[in-house]
Amino acid sequence: MKLFVNLFCRDIEAQLAFYQALLGLPEAEHSRSPIYRAIETDSFQFGFHAPPAYGLLSLGDRTPQPQPQQPAPVTGYATFMLATPQDVDTAARRVVALGGRVIKPPYASYYRQWQAVLADPEDQVFRVSTSGLPDGAVAAARPV
């Protein structure tokens with residue numbers, strides 16, 4: 001099985017460039033269309049739909065209506081599992097230079113992953129994470 005996850009985006013070229021630069025993944029050129037770009041590995045494809053895709057997918061009535069001065073609600077997010085805690089730290093440092101932002105800097109989760117919560121240039125939320133903790137880090141207490 002291969003998982004495909006897609007975001008609706010204002011600028012699919014800019015989103016493609018951001019995620020390629022941050023994660024070092026190739027474009028899924030075989031999937032390229034006037035309203036779609038994606039990055040991929042053997043196990044997933046992460047894609048970017050232009051606004052006309054709402055209509056194509058019969059979702060025109062669900063197109064978000066931006067609210068001035070308010071962030072969009074988060075109803076889902078991707079987690080990119082990286083190889084090492086250092087890779088998580090590097091991604092968190094690089095995200096701002098690439099036009100995104102750090103929502104929660106790298107931290108030890110209660111399930112023993114080192115992760116950061118980030119946002120891309122269109123303010124779509126995602127995480128970078130890795131199994132295990134860096135030397136000296138202690139897992140957070142499990143919430144009750």
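A pocket is taken here, on a 1 Å grid over the protein atoms alone, as an open set of points where a 1.4 Å probe fits, with protein on both sides within 12 Å along at least five of seven lines, and its lining residues have an atom within 4 Å of a point. Grid points are joined across faces, edges and corners, and a volume is the space filled by probe spheres set on the points. The structure is a predicted model, in which local features need pLDDT of at least 70 and side-chain atom pairs count only at pLDDT 80 or more, while totals for chains, interfaces and linings use all residues. Residues are numbered from 1 along each chain as its sequence is written, and side-chain values use heavy atoms, with hydrogens and water left out.

The second largest pocket holds about 210 Å³ of space. Of the 13 residues that line this pocket, Phe44, Ala78, Thr79, Phe80 and Met81 are the closest to its centre. Strands are DSSP runs of E with at least two residues, numbered from the N terminus. Two or more lining residues come from each of β1, β3 (44-49) and β4 (78-81), and β4 provides the largest share, four residues. By class (Ala, Val, Leu, Ile, Met, Phe, Trp, Tyr, Cys and Pro nonpolar; Asp, Glu, Lys and Arg charged; the others, Gly among them, polar), this lining comprises 10 nonpolar, three polar and no charged residues.

The largest pocket contains about 1,200 Å³ of space. Its lining has 31 residues, of which Phe8, Tyr54, Pro64, Ala72 and Gln124 are the closest to the centre. At least two lining residues are supplied by each of β1 (3-8) and β7 (125-131), with β1 giving the most, four residues. The lining of the largest pocket consists of 19 nonpolar, eight polar and four charged residues.

Strands pair if DSSP finds at least two bridges between them. β6 runs antiparallel to β5 (residues 101-108), with five bridges joining the two; Gln115 in β6 is the bridge partner of Tyr107. Four residues lie between the strands of this β5 and β6 hairpin, where Arg112 takes a positive phi near 65 degrees. β6 also pairs with β7 in the antiparallel sense, over seven bridges, and Gln113 stands opposite Ser131 in β7. The hairpin of β6 and β7 has five residues between the strands, and Asp123 there takes a positive phi near 70 degrees.
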